[in-house]
Amino acid sequence: MTPTKPDAEREERISLTLRQCALTLDPRYGKLSALADELELHVTTLHLWIRQGYIPTKSARRLQRRFGKKLVNADLVSQR
């Protein structure tokens, strides 16, 4: 499948990373709202990160500390 936009792969990588973190917090449903509550952010902020295709460096490092480098590689997800 060919991505329709050049940033589609980056969006998919960020979406996958955030959803895996959400599944860790809420194993039954894996809702992003559980992750947003954990990070004390609004869920639309997470959707913005997915759309932009990256997570801001400070937040990426925070996620990496919380979930580990195996799940969240801050250097990879914070690249623009």
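Analyst: Let's start with a term: helices (H or I, at least four residues) and strands (E, at least two) are DSSP runs, numbered from the N terminus. This is a predicted model, where local features need pLDDT of at least 70 and side-chain atom pairs count only at pLDDT 80 or more, while totals for chains, interfaces and linings use all residues. Residues are numbered from 1 along each chain as its sequence is written, and side-chain values use heavy atoms, leaving out hydrogens and water.

User: Which pattern does the protein follow along the sequence?

Analyst: The protein has five helices and zero strands. Reading along the sequence, you get α-α-α-α-α.

User: What radius of gyration does the protein have?

Analyst: The C-alpha atoms fill a box of roughly 30 × 25 × 20 Å along the principal axes. The radius of gyration is taken over C-alpha atoms, and the globule rule is 2.2 Å times the number of residues to the power 0.38. For 80 residues, a compact globule would come out near 12 Å, and the protein agrees with that, at 12 Å.

User: What share of the residues counts as buried?

Analyst: Here, buried means under 20% relative accessible area, exposed over 50%, and partly exposed in between (1.4 Å probe, protein chains only). Of the 80 residues, the buried share is 34%.

User: How many residues does the largest nonpolar core have?

Analyst: A nonpolar core is a set of buried Ala, Val, Leu, Ile, Met, Phe, Trp, Tyr and Cys residues joined through side-chain atoms within 4.5 Å. In the largest one, the residues with the most contacts inside are I14, L18, L35, L46, I55 and L63. Each of α1, α2, α3, α4 and α5 (74-77) supplies at least two residues of this core.

User: Which residues is L46 in contact with, leaving aside neighbours within four places in sequence?

Analyst: L46 is found in helix α3 and is buried, with a relative accessible area of 0%. Its C-alpha atom is 9.3 Å from that of I14, 32 residues apart along the chain. Contact means heavy atoms within 4.5 Å, and by that rule the partners of L46 are L18, L32, L35, A36, L39 and L41.

User: Which helices do the buried residues of α2 pack against?

Analyst: In α2 (residues 32-39), L32, L35, A36 and L39 are buried. They cover an arc of only 100 degrees around the axis, so they sit on the same side of α2; that arc is the one made by the directions from the helix axis to the C-beta atoms. The buried residues of α2 pack against α1 (8-25), α3 (43-52) and α4 (57-67).

User: What is the phi of E40?

Analyst: E40 is in the loop between α2 and α3. It counts as exposed because its relative accessibility is 69%. Although E40 is not a glycine, its phi is positive, about 55 degrees.

User: Which exposed residues are on the face of α4 turned away from its buried side?

Analyst: The buried residues of α4 are A60, L63 and F67. Seen down the axis, they fall within an arc of 60 degrees, so they line one face of α4. That buried set packs against α1, α2 and α5. The face turned away from it carries K58 and R65.

User: How far is R66 from the ring centre of F67?

Analyst: A charge sits over a ring if NZ of Lys or CZ of Arg is within 6 Å of the ring centre and within 35 degrees of the ring normal. K31 does this with Y29, its charged end lying 5.7 Å from the centre of the ring. R66 lies over the face of F67, and its distance from the ring centre is 4.8 Å.

User: Which residues does R80 touch, not counting those up to four places away in sequence?

Analyst: R80 is found in the segment after α5. It counts as exposed because its relative accessibility is 70%. R80 and D7 are 73 residues apart in sequence, with 9.9 Å between their C-alpha atoms. The residues that R80 touches are R10 and Y54.
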